Amino acid sequence: MGAIFRKIYSFLISLKLAVVVILSLATISAIGTIVESKYDALTAQKLVYTSIYMYVAMGLLIVNLVFVMVDRLPWKRRHIGFVLAHIGIIVLILGSYVTQQSGLDGTMIFTIGEKERWVSLPSNTDLIAYTTLDGDSFKEAFKSEVDFIKNPPSVQKPYVFNIDAEEIKITDFYPYALREQDVVESELERDGPALKFQLKNERANVLEWIVNDSAKPAEFDMGPAKVILTKGDFAVPTGNALVIIPHKDKEKFNYIVYTASKGGLTKKGVGKIGEAIATGWMGLEFRAFKLYQHSVRKTNYKKLERPTPLSVSAAKVLFRGQEQMLGLNSMLKLFNDESAIILTYGNRRIDIGFEMLLSHFAVGRYPGSAMAQSYESKVVLEDGAEHTISMNEPLKHHGYTFYQASFQENEKGEPTASVLSVNRDPGRWIKYLGTSLILLGAILMFYFKKKLAGSSK
Amino acid sequence: MKWIAKSKSVLLLVVIVSLGLGSVVSAKGIDDILGKIPVQDGGRYKPFDTFARESLQLVYGRRDYKEKSATEIVMTWLLLPDHWDGLEFVRIDRKDLKEAMGLPVERSHFSPKEILSSERGPLLMQDLDGKRKAQEKLNPYWQAVQTLESQISLYKSIVAGMAMKLYPKAEGTDWYTLRDTPPEARAKFDDITKAFVQAIDKNETSALEQSVSEFIAMARAANPATYPSESVIGKELTLNHFHPFMWAWICYLVATLLFFTFILSQKDFASNVGLVAMIAGFLLHTYGFYLRITITGRPPVSNMYESVVWVSWGAVMFSFILERIQKKKYFLFASGLIAVVCLIMADIAPTVLDPSLQPLQPVLRSNMWLMIHVMTITLSYSAFFLAFVLGDIGLFYYLKGEEPNKKTIHTLAQAIYRAMQVGVVLLFAGTVLGGVWADYSWGRFWGWDPKETWAFIALMGYLAVLHGRLSGWLQNFGFTVTAVISFSLVIMAWYGVNFVLGAGLHSYGFGAGGVEYVAAFVGVHIAFAIAVITVRNSRKKHA
């Protein structure tokens, strides 16, 4: 019995264990960077850096460090560096754990001139369901934190929950998917028509959908000319315009061409799907590819191998035998016999407990270019005081720190919103203490080693 | 005796430095006169000389064209666009791109006319646009398409007078493009072009000199606040023409050869002259840094080129310090090798290591912590680089014969140990400083960003080696081998993250190219280490 105990003890204090742990930490981290380069930071975070392997390696490291120090008892003067450095590592790891457990690291997106009090957390996701009887008042019926990246649901192992005895299943998860808007034919009389067309001449080639999904005619405006799709009514256009009205025959449509320079209506007739119609404007030819009498827009999620800056994650929801996709930070309506369920899947949002107004946002550019040189937000707190948050100059308030992270701009390059990163880190000073101890210890260790080396000569 | 040697050294130093400087002072040609006109481009003010060199580098692939300076070439683009449209000078490297464009594969340069008349060009550009809209990561082929697009659009917009901004607006910081320049200033610029033609024709530059000074005076008067000072422009011209880093590597090369001679022959003369050449190289190296710092107003460690130059500087600096402890010239020889290799690499590969001076991203601006963090980390690379080269030398001695060189091998192992200690302390301190900086500007001490993760991995690697040495597993031989192999981790952290992984927050230093050479470098060293291990084992068996 004693022999086994001694064996375990000598393994735990061995440099062999230290080297193995150090090398496995290095290996796990290296895998993490490869995963990040292949996929993205969130995936690497979930699957590698916060994986059980990482925790085990860190745990073993602490055990090893403690035993190695205990083994050197009673410590002598020359051990100071060694002890400080090793205690420092333990403190640093504990500090990181505190940060991970009770810290907060999120983003706030402010539209210029608006108030905000919600922080969105990029690594926590919640699944929430609301029920409604009348469509006006909603009641939260289900809420749970889910982590589909770490625990992806499948047909064999779905994520299941119930609302009013109705079963909802999540049967699949796409970590990276592209949201695509598609137009599909519908049976319902109330849905408007949709048209897929091409306008083409030597210089331009436009292929577009227009969907008439409101009471007013739908328009596609390409500057010098418009294409208008209507069920029947429309106001006579003043510029160049081509008006399309569905025909009883599905293969045909009515069209009217207006030309501004020729004082209005220039051409009228019945066109056929797939055949070209000369508009008379700069050699532009019109061609209808598809025309649905009744149509609806549908959102599809195309599964991708790897993420792109536009991809989002999406979950497959099975309800009453029907499968539908639910994208991250969006919602899905499910219809019951007498009520409706709104299902949302999104990043957790946290109320910081006070409101902030983004009163002003400015971007400084390098002279004569569109390159951003600096940017800053001016925010007004609840007491009316205005504060400036800029790169490297954060704002501290009620235990939170607000950093200028980035901004959003429109197509013209004008900023529309400011992105702040919001942070609360109770482990910060523990980590600083740990790193200071390590650094001090390392220097002392090398200092004593030099002295030893000198005395041995 | 020692004093005489020292004063001799100083004399030699003066001669070497002034030899180099001489080439700047002499010969004031068309290039020098045109080159000093300030241009607003890429978010900063630069001399026309730099603008022309960068433009020619992008379009033609070199900074001069058939012995003619870039300034003259770009001026003739403006004057004779029809002539240039038909000349084959736009460089395309990728064979598959030439094929896709329907261009003859055997040529390396093509005329703008051929490229623009290629029927498949517009479709290719449309596809590129689609990829950019979808924000897809571009693979090397599409990056090449993008380069071609910027080559043509730069050439075309220079010709159309839209790329060059020479004349400040009275208000604000924006300048007029050549095309929009007010008539009276435009007339002054036309004087320059006339005098330029005259200067080429009659080899008489006084009219050119006068018209350029008049134009500069007029432009300065238009908005004195935004117009760059003569001294800043002058410094950049010195950097372009004198090229201190080139003279530095020449000095280092001489020094390295002399130290090599010393190590083989133990002749004091070689060591003394080598030291002089080394100091001269270091002074020139430092002078080049000084120029870059004063031009950009920031420490020069923000891209791969600058870090390569900085790391080699650090290695030389450490070798001077460490040489005081162990006066065997191994440190100086090793750092000389590093400096020569790094500086030559920085000179010959401008497409991978871009030497142009770029403005900084907002997050990197005016932050003391950041600069200290980056400089500390890269200095640790210098120390590890030293350990690596010393390891190489050690392996070489093992190959030569272990018994007769026992003392040398032990000295080298001690030298490696010193270099590694310095490296580990600096790498740890630098990584922590990075954490402090990230905490200060993002509120995140550690975020597992690939660059910081690889710094961490390299740190773990060297810690494992030092612990191995401590426990006695790694004797001199194992220690020498690991000094060589562990440097692969530094190469990954330094180069690989930016050029191979290509992900993460530290993306402001990103680039592409050279992967095969770096991989070959790492591969050859690992193979060398394995070869020495095998040879040593078989010798032991036979002994």
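## Exercises on helix 10 of chain B

Just after helix 10 of chain B, Asn203(B) takes a positive phi of about 55°; helices here are DSSP runs of H or I with at least four residues, numbered from the N terminus. The model is predicted, and local features need pLDDT of at least 70. Residues are numbered from 1 along each chain as its sequence is written.

**Exercise 1.** Check what span the 20 residues of helix 10 of chain B should have.

*Solution.* Start with the rule: the expected span is 1.5 Å times one less than the number of residues. For residues 183–202 of chain B this gives 28 Å. Now compare: the end C-alpha atoms of the helix are 28 Å apart, which agrees.

**Exercise 2.** Find which residues of helix 10 of chain B are buried, and where they lie around the axis.

*Solution.* First, apply the cut-offs: buried means under 20% relative accessible area, exposed over 50%, and partly exposed in between (1.4 Å probe, protein chains only). The buried residues are Ala185(B), Phe189(B), Ile192(B), Thr193(B), Ala195(B), Phe196(B) and Ala199(B). Then turn to the face away from the buried side, where the exposed residues are Pro183(B), Lys194(B), Asp201(B) and Lys202(B).

**Exercise 3.** Name the elements of chain B that the buried residues of helix 10 pack against.

*Solution.* Take a contact as heavy atoms within 4.5 Å. The partners are helix 2 (30–35), helix 4 (70–79), strand 7 (165–168) and helix 11 (206–222) of chain B; a strand is a DSSP run of E with at least two residues.

Note on methods. Chains are lettered from A and ligands numbered from 1 in the order in which they are written. This is a predicted model: local features need pLDDT of at least 70, side-chain atom pairs count only at pLDDT 80 or more; totals for chains, interfaces and linings use all residues. Side-chain values use heavy atoms; hydrogens and water are left out. The arc is that of the directions from the helix axis to the C-beta atoms.
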